[in-house]
Amino acid sequence: MSTQTAVQPGMIDISGSTRPSLAKLVQVEIRKMADTRAGLWLLISIAVITVLVNTLFLIFSNDDLPFLAFLQFSAMPQGMLLPVLAILLVTQEWGQRTGLVTFALVPHRGRVLLAKFVAALIFIVAAFLVAVVIAAVLTPIAGADDPWEDVTGPYMLRIVLALVLGGVWGFAFGVALLNSAFAIVAYFAVPTVVSIITGIWTSMQDKLLWFDLTTSSAMLFDPDGISGKEWAQIGTSSLIWIVLPIVIGWMRVQKAEIK
Amino acid sequence: MCSASDSGTVERMIQVENLSKKYAGFTAVDDISFTALPGRVTGFLGPNGAGKSTTMRMMVGLTRPDAGRVLIGGHDYLDIPNPGRHVGVLLDASAQHAGRTGREVLALSAATMGLPKSRVDELLALVSLTDSEAGRRVKNYSLGMRQRLGIANALMGDPQVLILDEPANGLDPAGIRWMRGLLKGYADRGGTVLLSSHLLHEVQMIADDLVMIGRGTIVAQGTPAELMQNSGTYFRAVEQEKLLAALADEGIVANPVADGHRAEAESVRIGAVAAKQGITLIELRGADGGLEDLFLELTAETQRESYTDQTAGAQA
């Protein structure tokens, strides 16, 4: 209170003012994803579709499925929906113009983007854990001869990495385009076009793999492990499709006028 | 440090200094400077597109100025660690996620600022949003309800300064009266309010000080009374012709307005002349709508060309 009286007229005492912590901002961003009907349904559908896909495979597959098979079934719908979630996490501030409030409360915009990035990672890891639980429950029911074949730490990490790359790719397009529709369309159209080119232009296929993130990140699902060259290809294609758009988007958000 | 306050410097809570913003081909805000004082409601008045919103966005770091700066309580807004606790901002009541409930909108702000949940209920009560209204999604809100929600959001952090863009827009007369009471009370407790409006009568009801902006420049500032002074005195007398003649002798020019006349003089001078001549005054007051004339005049150039032509024709 004594500091209050010491303040000069026309001055605001900010000595007791502390920045919202990154952890707090991440919490808020996670909450923003779940507190609207659209966001909540996206989260619910990721969970429900993951369960559904696994159950359908369990019922209709002729083979006795191992743990990893279930995990790979989960990766299909999650690989499509998690990037959409990451996109919406960013673009809702522009589409719904909530950025006016968000960036007035946290004027250092990079901190908001960082919080959104961390929130996206948390959602991705949580989705993976859901997939692991489902697979763990269904594997004994399926009754494969060697249900835990190839289940190793490194391989599990590679699957997480594949999911993260996909989600972060969505995030990157979201930041670069700042528009839900553009970003979602771009996220699905660009890899398709790149893959088609890689598929058709067979003479260049080896070289094009350095640019094709879809194909190179799919190699992460190979239980036999991947070579140094393949890692490098994942690296270069991530640089082009993830790092570059994030840098562009970051600068764009810093400069942009929030209206 | 002490000498500065001893020397009687005016306490400026918001200080806008030579602020400019250019967009491709046009200057939205052109080298403007003005202040807002604590304990007072400052009205930021100007027609649509005059640069009010751009100025307010620049105050809170949402738009980067090309030149100049804004100090709020002596600080650049970007240097305030937790700005919501010191400066309450409402820039567009409609800029809310349509799918969130009103309560959730406030809860997000409270969480960001590090305030307890109970603060949300306090603010909802303050702006008279009921529990069931707070539980509705914002897309089902009327503009008036959105404004109340926006005001609640701005007041959430118990700030010393309020920056509100068109807060009365969409409020009914009772709502405007409510807001006037709320903002007056806030200013009486020492708070600083800057609110924009494109409607003169709205701002006249609420503001202690006025800053008028037109085409990106400040065209007038002062208290309504000060600005009215320049707009003259309206008078009507039983012996109107005799009074006009007596005024003319004093060198006071009067022009016919409605049933009476308007003169560029203080009312006390006209009253004195009338008393000396034994003239019976029927009306003597600050020119009615003088501020409105001033507002239209000062901002006329920002209107469409054809409008200016029409008024010029009417005056001729």
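**A buried isoleucine and its surroundings**

Ile87(A) counts as buried because it has 28 C-beta neighbours inside 10 Å. A residue is called buried if 20 or more other C-beta atoms lie within 10 Å of its own, exposed if 12 or fewer, and partly exposed in between, with C-beta atoms placed from the backbone. The model is predicted: local features need pLDDT of at least 70, side-chain atom pairs count only at pLDDT 80 or more, and totals for chains, interfaces and linings use all residues. Residues are numbered from 1 along each chain as its sequence is written, while chains are lettered from A and ligands numbered from 1 in the order in which they are written.

Ile87(A) belongs to helix H4 of chain A. Helices (H or I, at least four residues) and strands (E, at least two) are DSSP runs, numbered from the N terminus. Setting aside neighbours within four places in sequence, Ile87(A) is in contact with Gly170(A), Phe171(A), Phe173(A), Gly174(A), Ser180(A), Ala183(A), Ile184(A) and Tyr187(A). Contact here requires that the C-beta atoms of two residues, placed from the backbone, lie within 7 Å. The C-alpha atom of Ile87(A) is also 8.9 Å from that of Trp169(A), a residue 82 places away along the chain.

The 24 residues of helix H3 (residues 37-60) of chain A should span 34 Å at 1.5 Å a residue, and the end C-alpha atoms are 33 Å apart, which agrees. The expected span is 1.5 Å times one less than the number of residues.

Beyond chain A itself, 41 residues of chain B are in contact with 32 residues of chain A. On the chain B side, the largest share, 6 residues, comes from helix H3 (residues 102-113) of chain B.

Glu166(B) lies in the loop between strand S6 (161-164) and helix H7 (173-188) of chain B, and counts as buried because it has 23 C-beta neighbours inside 10 Å. Arg215(B) is in the loop between strand S8 (209-214) and strand S9 (217-222) of chain B, and is buried, with 20 other C-beta atoms within 10 Å.
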